[in-house]
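Biologist: I'd like to learn how to read a few features off a fold. Could you walk me through them?

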Amino acid sequence: QVQLVESGGGLVQAGDSLKLSCAASGRSFSSLVMGWFRQNPGKEREFVATISTSGGRTNVVDSVKGRFTISRDNAKNTMYLQMNSLKPEDTGVYYCAAALAYTINSYYTALSRYAYWGQGTQVTVSS
């Protein structure tokens, strides 16, 4: 089993920055592909960012390229999402997710790949 807890969300103005954290427990963190997804009411949960087990490979959705950075500290069993230059369209509930890594250096953008999810943290960006 894997337990994930997000933190760091809040209410900010456009142009501000936030750093989300996801603390993991229950399984070797270094064996997990990690990802961030976000969701708004009435919409599907969408991919935001993913990172391989070692942190050597990352991918982010086009809409946040150059603004968001995903990272992880395996010694602390924690994944991060640094969000800069926030826009109102970044608003949503951000979910941390974890998947077992079956291939070296892999990362996953598909929601269906992830078996473990956090409770979500609200990010609201006002204009």
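This is a predicted model: local features need pLDDT of at least 70, side-chain atom pairs count only at pLDDT 80 or more; totals for chains, interfaces and linings use all residues.

Biologist: Is L86 buried or exposed?

Modeller: The cut-off for buried is under 20% relative accessible area. L86 has a relative accessible area of 1%, so L86 is buried. As for distances, L86 and S63 are 23 residues apart in sequence and 11 Å apart in space, C-alpha to C-alpha.

Biologist: On to charges. How many salt bridges does the structure hold?

Modeller: What you look for is a side-chain nitrogen of Lys or Arg within 4 Å of a carboxyl oxygen of Asp or Glu. The structure holds four salt bridges. One of them pairs R38 with E46, at 2.8 Å from N to O.

Biologist: And how exposed are R38 and E46?

Modeller: R38 has 6% relative accessibility and counts as buried. E46 is partly exposed, with a relative accessible area of 37%.

Biologist: Which salt bridge does R38 form with D90, and what is the N to O distance?

Modeller: The side chains of R38 and D90 meet at 3.2 Å, N to O. R38 sits in strand β4 (residues 32–39), while D90 is in the loop between β8 (78–83) and β9 (92–100), so this pair ties together parts that are 52 residues apart in sequence. Both ends are inside: R38 is buried, and so is D90.

Biologist: Which residue does D90 meet with its closest N and O atoms 2.7 Å apart?

Modeller: That's R67, in another salt bridge with D90. D90 lies in the loop between β8 and β9 and R67 in the loop between β6 (58–60) and β7, so here the parts tied together are 23 residues apart in sequence. Both D90 and R67 are buried.

Biologist: What about R72: where is it, and what is the nearest side chain of opposite charge?

Modeller: R72 is found in strand β7 (residues 68–73). R72 is buried yet has no salt bridge, and the nearest side chain of opposite charge, D73, is 8.4 Å away.

Biologist: Then which backbone oxygens lie by polar atoms of the R72 side chain?

Modeller: For a polar contact, check for N or O atoms within 3.5 Å, one able to donate a hydrogen and the other to accept it. A polar atom of the R72 side chain lies 2.9 Å from the backbone oxygen of L32. The backbone oxygen of S52 is 2.7 Å from a polar atom of the R72 side chain.

Biologist: Last one: which cysteines does the disulfide join?

Modeller: The structure holds one disulfide, and it joins C22 to C96 with an S to S distance of 1.8 Å. The torsion about the S-S bond is about -65 degrees, so the disulfide is left-handed. The pair links distant parts of the chain, with C22 in strand β3 (residues 18–25) and C96 in strand β9, 74 residues apart. C22 is buried, and so is C96.

Conventions:
Residues are numbered from 1 along each chain as its sequence is written. Side-chain values use heavy atoms; hydrogens and water are left out. Helices (H or I, at least four residues) and strands (E, at least two) are DSSP runs, numbered from the N terminus. Buried means under 20% relative accessible area, exposed over 50%, partly exposed in between (1.4 Å probe, protein chains only). Lys and Arg count as positive and Asp and Glu as negative; His and the chain ends are not counted. A disulfide is a pair of cysteine sulfur atoms within 2.5 Å.
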